[in-house]
Every structure is written in C-alpha cells, then in structure tokens.
Amino acid sequence: MNDNSSLRTPSQRIAWTATIVVSTLVFIFLIAPILAIMPLSFSSGSYLTYPLPGLSWRWYDDFITSPRWMNSLKNSLIIGVASTALSMVLGTLAALGLAQWKSRFKPLVLAFVLSPVVVPGVITAVGLYFFFAPIGLTGSYLGLILAHTALATPFVVITVGATLQSFDTNLARAAASLGASPLYAFRRVILPLILPGLASGALFAFATSFDEVVIVLFMAGPEQRTLPREMFSGIRENISPTMTAAAVILTTVSVILLATMEGLRRRNERLKGGGS
Amino acid sequence: MTAASLTGANASTEVPLKRRLRRAERTRQVKALALVAPLLVFLLFTFAGPIAGMLWRSVDDREVRQVLPQTVAALAAWDGKDLPDETAFAALASDIQAARASGTVAIAAKRLNYALNGFRTILTSTARNLKAVPEPGTAKETLGRINAAWRERATWTTIKDAGGPITGFYLLAALDLTRNVDGAIVAASPDQAIYRSLFARTFIISFSVTALCLILGFPVAYLLATLPPGRSNLLMIFVLLPFWTSLLVRTCAWIVLLQSKGVVNDSLHWLGIIDEPLRLIYNRFGVCVAMTHVLLPFMILPLYSSMKAISPAYMRAAASLGAPPVTAFLRIYLPQTLPGIGAGSLLVFILALGYYITPALVGGAADQMISYFIALYTTETANWGLASALGAVLLLATLLLALVYGKLVQGQQVTGGMKN
C-alpha cells in the first residue's frame, strides 16, 4: 500500500487488511445483484437462473416488439425530458436568485425549496392525487410532468447553487464594467462557467424523473405508464425474462448518466486545478 | 471653520451615496427574489398546496354533516348525558328520509362505521324500514322499534362526534386513540389499535437498515478516504453505480437472486449446502437486505466526505505521543467522524421511514411500513381521512428529523473546514 509509513504495527496491518476484506465484500454486495441480472436477459431459456441454456436476443426482441414496454419507454422519455427542461428553467433561475439574495429568511426559503427531496414519496403522491384529481390533472402527462418537476428541481437548485458558490463574481462585475449588458454577460461569461453545473443538474433531474414510480403509481392512467411503473406491475405479477431486458436497458441509461456525470466532474476538477 | 465646512461637505455627498447604494442593493434584492419567485409559486401549486390539502383532509369531517344536517344541528345543544330528546329523533328520521331519496345514506354510513363498528347496518336498516316520516312525537318510539341501537347513548354520541366540520377522530385513530361515550380520550379497542405497532415496525425496520448501513458503510468510507485519489475514484464507481441504478432494477435483481428458485438458492442447492430452498425474500430479511442495498450509498457518501476532511496529521501526532493505534482511532479519529456518522445515519433513517416500493415488492404482509397503509387507504379502501392522518404523523416525524439533520449539516459546514 502507498500508506506504508502509517502501517507500522502488526495490529494496524490487521486492521487495514480487515478494512479491505470487509470493503470488498460490501462492494460485491453493492454491485453483484446488478451484474447478476444482466446475463439472464441474454438467456435463450425462460427460467431466471444459472447456468444459461444458451444465448439469444429473444427477450430484447420481445421488449422491442411489445407495445406495452415500448409505450412505457416512450412515456418515461417524454416525462423525463419535459420535467428536466422545466426544472432546469425554474431551478437555475432560483439558484441565481438565491445566490444574490441576502435575508434572514433565506435558510427557510432554501429548506422549503429542498423539501420535496425529504418528504416521503407517498405523502407527496397522496397530496397530489387529492389535489390534481378535481382539476383533471390525474391520468395526464401534464400532471406527471408537473409532479416530477417538483421532485427534480431541488437537485438543480443544489448543483447549480454549488457551482455558483465557486463562481467568481468579479468576472460578472468585470463584464459589466466593460459595458456588457446583464443578459450578454450572463450568456458569454456566466453561462459557459456554470455550464457543467447546469449539466449535472439536468442529469440529476432526468434521473429523478426516470426512476420515479410512487407518483406515477397514484397519478398515471394506463396511457401514461412509465418504464419503472411497468416494472412495478411486472414484479408484482411475475418476473419475466423480458423484465431483465428492461432492467439492462434502464441500467445502461444509468451508466451513461453516471459516466457523463463523472466526465463533468473530472473536467471541472481539471479546470479548477489549472486555474490555481 | 474650514474643518467644519469640510466635514459638512463630506457629509452632504456621503449621505446620497449611501442612500443610492442602499437603493441599488434593494433593487438587487428585489430582482433576486423575482428570480426565486417562479419556483416558489410552482412548488406552492405542485407540492406545498397538495400536502396542505392532505393535512386538511386529516381533520376535515363534513360527510355526516352534509347527509344528516338537521340531526347534527339538533345534537349541537345535546349535553350527551342522557338520550337526546324527541326533536333529535324527529330530525334524524327526516334526514334519513331525505338521504334515502338522494341516495347519500351510504356516505354517512361509511363515515359512522369507522367510529362505531356496525353503524353501517344500523343506518341502512333504518333507512330501509322507515316507511314514512313518523307522526310528531312518535319519532323516538318508531326509530327505537326499527333498531334498538337508537335507544343507546353511544349511537348518538357517535353521530355528534362525527358532526364536524372538523374532527380529531382520524388523528386520534392514527395514534390508537379514540373518544369514549363521555368524550374522554381513551385507548382504541384492540382490533382497531394497529397503528402504534405499525409505527413501531416502521421505526424498527428503518433503525435496522440504518445500523446495517453504518456497519457496512464505515469500513468502505474509511478505505475510500484513505486510499490515494486515483484508486479511490475507481472504487467509488462501486458506490455510485448502484446509486444511479433504478430502484426498480435493484429490487427486481434482489428478487431474481433471492426467490425460492432464484440464483442464490439454486447455487446453494447445486453446491450441496442446502436441500430445501431457504426463505430469503417476502420476509423481513429480504426487506432489510434490499433496503440496505438501496440506502448504503447515502451512508457512504457523507461518511466519506467527513473522513476526507480529517487530516492524517492528527493520527500521526497521536502515534508520536505514544497512543496505541486502537486508542488513537477511538479517541482521535472516531470523534471526528461523528458528524459524518450523524449526518449519514439521519439521512438513511429519514429516507427509510418513508419507504414504500421496496417493502411492497420484497416484503411479506408483516413487513409493510407506514407508507404502504397510507397508499392502501388512499387507493383501495378510500378511507382518506385515516390515510391523511397517518400521512400527517409520518410527515411530522420526517420533518422533525430533517430539522435535526439540517442543524447537524450546517454545524458541520462551519466547523468541518468545508468553507473555502
């Protein structure tokens, strides 16, 4: 280990070895279920167990040709993209405002803005169900988009807010003193610098909506069922191999989101490192 | 003289400048608030409003009042000590006649049945057998003949209690309490008193999951915080990938692994370790495993950041002063991770309290948490008052814990050197 200097005594070495062993087991615990389900989706048989009788794409074919699954994928994308867009607008504006706003009520407002993350999903869902049903927003895309936006916006406020905190306000002042209008300064100076923060906010927002199922359970009609909602009923009834294919597709989306996030983070670190 | 005029001139230019600055600052603040306002309005409509509506439903009690308006009015003056007088009986008979005509008897019957089991039968049988509005002065006798329950005080206090417009009935019921015939708050009958044990179960599961997350998460966070950045970033993927993977995918994966013909049982059978499949899922074990898997990253990440902030110099100083490693760890390292432990544990506990999907899918009937019953009463039995009251209790518990979490994290930011 690189840390050899601090590992002098035998007891320290034992403790360090124990840490590595336990951590390895925890890593296996964390990752194994996700990995174990993947090969099953390529099975040519219909039993969800090993060894696989053979390899095939039949469950992916099944997924692609099933109107039910494809419709749910379409719904997830529509609702995810729309609520991401809406939460980006609302969240970025709010983060910009909160960064400038000085008041003793600020912690209170911030707590309110972030509360959708903390409040249990069922409570939000029940509240929305009662509130949206009389005005015709249950069983509609608009209702789901609004609800998902409420859940996703806190993440945008957090990530964009964090980026703004490290943003040097002198740059905005410099732009203003050189005659840039506020809008021009925002577009040419602020926006490029906070873009990675915006992008991670968007990823978080999309992931939130894409993974959400409790509100969809309460509010979606048969027409608006999303991919997680379809998986929920699938698990309730009987887990088919097609569901493992759906799981792999969902996981692939997660990996893409995670990789993009990691890339953004590294880029940001590099920029920060280069700046100082 | 010159000095006085100088300061005078200074003062006259300074005050407008100050005022102008203040005005500019105020404009800036108004603009800032205007940027936050759209989100606030939006959340009022899509979040705070709906939740306030739910809270209102937990005390709203207007069904009986709407169906039996004259009875409720007649009972308002009743002291509840003896049977009500003839006017109340006459009002009830007239209300029931009207309700039968408009088909609303069932609405009142459903609400009254929550408070007194069997009330549905009393009301519907009365509605069926009451052929006409009784002659003046005979209502008491007529109703008593149709159903003997009308001769009992409890029947009438139930109607009076349910008269609304607001009630503590559902909130009391959510805490296994009820009002007796004399209006005193007493324990609910054992067959209805299921909610305290439900809250206890929710707390026990959340606590177990939090403890498991802490035990499993601590060594991992320590490893990640101690390893050189290159290697720990790589290992961080093992934490972040599950974090980003859909909850449904992970739950589905655990079922595939743990079910009786699942991967784990098959492998153990194939290895000759077991003959009969082990029951690993649709029980408490399955719920704890799946929830720990989902919530573990929420423990590891705050622990990691609190450990990352601990300078290795402290441990070296302790060692150089002759502290044995265990002492140094317990006395120097561990206390510094306490804020991280607190933040991570509270976060996991708060999230676990409201869990619905995972227990619903991998738990048995005895492992369902409070959220399950809120959902059940909302969509299946349509007992919205009780669903809202249980929701109110869960919300209160969550918000109180979140408040503690907020204080903890805030304190950490001040002391933990996270300010640049």
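**Two chains and a helix pair in chain B**

The contact between the chains takes 69 residues from chain B and 71 residues from chain A, where two residues are in contact if their C-beta atoms, placed from the backbone, lie within 7 Å. On the side of chain B that touches chain A, helix α1 (residues 2-57) of chain B gives the most, with 18 residues. Helices here are DSSP runs of H or I with at least four residues, numbered from the N terminus. By class, this side of chain B has 47 nonpolar, 17 polar and 5 charged residues. Ala, Val, Leu, Ile, Met, Phe, Trp, Tyr, Cys and Pro count as nonpolar, Asp, Glu, Lys and Arg as charged, and the others, Gly among them, as polar.

This is a predicted model, in which local features need pLDDT of at least 70, side-chain atom pairs count only at pLDDT 80 or more, and totals for chains, interfaces and linings use all residues. Residues are numbered from 1 along each chain as its sequence is written, and chains are lettered from A in the order in which they are written.

Within chain B, L247(B), R250(B), T251(B), W254(B) and L258(B) of α12(B) meet G286(B), V289(B), A290(B), H293(B) and V294(B) of α14(B). The residues of this contact divide into 6 nonpolar, 3 polar and 1 charged.

Of its 186 residues, C252(B) and L295(B) touch the most other members.

Definitions and conventions
Core = buried A, V, L, I, M, F, W, Y, C linked by C-beta atoms within 7 Å. Buried ≥ 20, exposed ≤ 12 C-beta atoms within 10 Å, placed from the backbone.
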